[in-house]
Amino acid sequence: MITSELKDRFYKTGVIPVIALDDAKDAASLGEALMKGGLPAAEVTFRTSAAVNTIKTLKKEFPEMLVGAGTVLTAEQADRAIEAGAEFIVAPGCNPKVVKHVLEKGYPMTPGIATASEIEMALDLGIDFVKFFPAEANGGLPMIKALAGPYVNVSFMPTGGVSAKNLADYLSYNKIVCCGGTWMVKKDLVTEGRFDEIEKLSREAADIVKSIRG
Ligand code: 3PG
């Protein structure tokens with residue numbers, strides 16, 4: 001179960017940048033752009049082999065940043081993420097084996113769901129904060145509102161297709177704690193060294209959060 005303190009940090013940040021660096025050498029510059037832009041959080045995905053070193057660098061350079069691991073598909077990846085300093089674990093789906101493993105280690109896990117049955121699977125594992133993924137392709141906000149109806153204690157982190165255009169709509173719904181997304185940390189911006197643009201897009205996102213949540 002996620003602690004109320006961690007949920008509060010997700011809520012205040014409002015947007016969790018979803019990162020997939022090819023080379024951890026870019027982690028410090030990327031982290032600096034996110035921090036300066038007002039998004040002190042990251043979900044570092046295990047889609048690239050640089051994930052472990054990216055987590056280590058972000059935690060070392062920016063201890064106050066909330067750093068988690070994403071696309072965690074196995075217990076072994078969860079172990080590596082936690083060892084590197086990840087403070088929370090996210091997955092695109094709800095794999096009971098991985099969820100149980102992470103919870104047994106005493107770490108928070110946010111598995112992905114897209115259906116009522118998957119929410120029930122998560123609830124059964126003791127999870128009431130889930131990633132709704134891929135959000136836009138699965139019906140976006142109307143689908144979250146429909147799913148939230150019967151599951152009154154469940155809250156959501158929509159990810160997948162979220163952008164500056166629809167962020168305010170998502171955050172305006174009280175069952176949404178925060179959104180995840182890659183739009184401010186796109187791979188080409190990193191490879192081209194356009195960290196000023198990353199900072200600008202982060203600030204734009206942070207301003208949207210502020211306009212909704214004060
Ligand atoms: C994820 O990893 O959670 C999604 O791929 C992010 O989706 P986006 O690129 O549409 O933000």
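1. Basis of the values. In this predicted model, local features need pLDDT of at least 70 and side-chain atom pairs count only at pLDDT 80 or more, whereas totals for chains, interfaces and linings use all residues. Residues are numbered from 1 along each chain as its sequence is written, and side-chain values use heavy atoms, with hydrogens and water left out.

2. Polar atoms at the ligand. A polar side-chain atom of Thr182 lies 2.5 Å from a ligand oxygen atom. For Lys131, a polar side-chain atom is 2.7 Å from an oxygen atom of the ligand, and a polar backbone atom of Gly161 is likewise 2.7 Å from a ligand oxygen. The protein covers 81% of the 320 Å² of accessible area that the ligand has on its own (Shrake-Rupley method, 1.4 Å probe).

3. Lys186. Helices (H or I, at least four residues) and strands (E, at least two) are DSSP runs, numbered from the N terminus. The side chain of Lys186 makes a polar contact with the side chain of Thr182 (2.6 Å); such a contact is a pair of N or O atoms within 3.5 Å, and within protein one must be able to donate a hydrogen and the other to accept it, while residues adjacent in sequence count only if both atoms are side-chain atoms. At 38% relative accessibility, Lys186 counts as partly exposed (buried is under 20% relative accessible area, exposed over 50%, partly exposed in between; 1.4 Å probe, protein chains only). Lys186 and Ile19 are 167 residues apart in sequence, with 8.2 Å between their C-alpha atoms.

4. Helix α4. Within α4 (residues 75–84), the residues Gln77, Ala78, Ala81, Ile82 and Ala84 are buried. Viewed down the helix axis, these buried residues fall within an arc of 160°, so they line one face of α4; the arc is that of the directions from the axis to the C-beta atoms. Their cover includes α3 (51–61), β3 (66–70), β4 (89–90) and α5 (96–104). Gly85, with a positive phi near 120°, follows the helix.

5. Backbone points to check. Most residues other than glycine have a negative phi, and most peptide bonds are trans. Thr71, in the loop between β3 and α4, has a positive phi near 50° and is buried at 11% relative accessibility. The peptide bond from Phe133 to Pro134 is cis, with omega near -15°, and Pro134 lies in the loop between β7 (129–132) and α7 (140–148).

6. Glu120, in helix α6 (residues 116–124), is partly exposed at 46% relative accessibility, and its side chain makes a polar contact with that of Tyr151 (2.5 Å). Asp26, in the loop between β1 (15–19) and α2 (27–37), is buried at 15% relative accessibility. Leaving aside neighbours within four places in sequence, Asp26 is in contact with Leu21, Val190 and Phe195 (heavy atoms within 4.5 Å).
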